[in-house]
Amino acid sequence: MHILVVEDEERLARLLRRILTGERHTVDLAHDGISGRDLALSNNYDAIILDVMLPGIDGMEICRQMRAEQVTTPVLMLTARGAVEDRVTGLNVGADDYLVKPFVVKELVARVNALLRRRDRRFEMNAHLSVSDLTLDLVSHEAHRAGRLIELTAKEYSLLEYLMRHPNQVLSRDQIISSVWGYDTEALSNVVDIYIHFLRDKVDKGFSHSLIKTVRGLGYKIAE
């Protein structure tokens, strides 16, 4: 699943990304309210973890704007404030759940998984991505091209999902590493090239046209 974490404490944000990528999710990060709002309003996420206290625009206002724009993505709010009034306010502006810092990691994972299960039940019939004749089922984690099943490892699936959630968009190696592997290191840039090669062998080999494309000097994209 694709999760957005909006958290201005960068160490905590990186920790959350590492934990969630370990649970086989892809994760995008935002460290301020404005960029977090813009990403949240794109409605491309399965769940959003949203800090309340953010520079620019606070989490309450982001959630309020999301619901006003009919963005129904489940929201788990994080805050250092544990007063009942704050929790009530968060739920009233449209948050689905509320977790007070400091929290136990296992509880956060359990709450996120609960939100995703509820979302799966609501959207199970449409839980797939497609680019040309390639489809990815987000419930069964199966990929098909022209009706043919493609066997993927867990990391290949995560990489393909990330590409397919951003069709026609050039993604740099750093973006891919950050979202799929959860690391911030240039030393791993070659691992992207290796896994792109693996994916091409499975997704494009034997077909008349390639979907996974190299944009020289910039990165990779998936497109018809």
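1. Start with helix 2 (residues 33-40) and helix 3 (residues 59-68): they pack at an angle of about 25°, and their axes are 10 Å apart. Helix 2 is therefore roughly parallel to helix 3. On the scale used, angles under 35 degrees are roughly parallel, over 145 roughly antiparallel, 65 to 115 roughly perpendicular, and the rest oblique. Axes are lines fitted to C-alpha atoms, for helices over the stretch in contact, with angles from 0 to 180 degrees between N-to-C directions. Helices (H or I, at least four residues) and strands (E, at least two) are DSSP runs, numbered from the N terminus.

2. A note on provenance before going on. This is a predicted model, where local features need pLDDT of at least 70 and side-chain atom pairs count only at pLDDT 80 or more, while totals for chains, interfaces and linings use all residues. Residues are numbered from 1 along each chain as its sequence is written, and side-chain values use heavy atoms, with hydrogens and water left out.

3. Helix 2 brings Gly33, Arg37 and Ala40 to the contact, and helix 3 brings Ile62, Gln65 and Met66; contact means heavy atoms within 4.5 Å. By class, that contact has three nonpolar, two polar and one charged residues. Here Ala, Val, Leu, Ile, Met, Phe, Trp, Tyr, Cys and Pro count as nonpolar, Asp, Glu, Lys and Arg as charged, and the others, Gly among them, as polar.

4. Now compare helix 6 (residues 154-164) with helix 7 (residues 173-181), which pack at about 125°, with axes 10 Å apart. Helix 6 and helix 7 are therefore oblique to each other, and their crossing is right-handed. Lys155, Ser158, Leu159 and Tyr162 of helix 6 meet Gln175, Ile176, Ser179, Val180 and Trp181 of helix 7. The residues in this contact split into five nonpolar, three polar and one charged.

5. Strand 2 (residues 26-30) holds Thr26, and Asp28 is found in strand 2 too. Thr26 counts as buried because its relative accessibility is 0%, and Asp28 is buried at 10%; the cut-offs are under 20% relative accessible area for buried, over 50% for exposed and partly exposed in between (1.4 Å probe, protein chains only). Leaving out neighbours within four places in sequence, Thr26 is in contact with Met1, His2, Ile3, Ser158, Glu161, Tyr162 and Ser179. With residues up to four places away not counted, Asp28 touches His2, Ile3, Leu4, Val5, Tyr45, Tyr162, His166 and Ser179.

6. Have a look at Asp51 in strand 3 (residues 47-51). UniProt puts "modified residue: 4-aspartylphosphate" at Asp51, in an unreviewed entry; such annotations may be inferred rather than shown by experiment. Asp51 counts as buried because its relative accessibility is 3%. Not counting residues up to four places away in sequence, Asp51 touches Val6, Glu7, Asp8, Gly59, Leu78, Thr79 and Lys101.

7. For the whole chain, there are eight helices and eleven strands. Of the 224 residues, 46% count as buried. Residues 24 or more positions apart account for 59% of the contacts with a separation of 6 or more.

Technical notes. Left-handed = near helix turned anticlockwise from the far one by under 90°.
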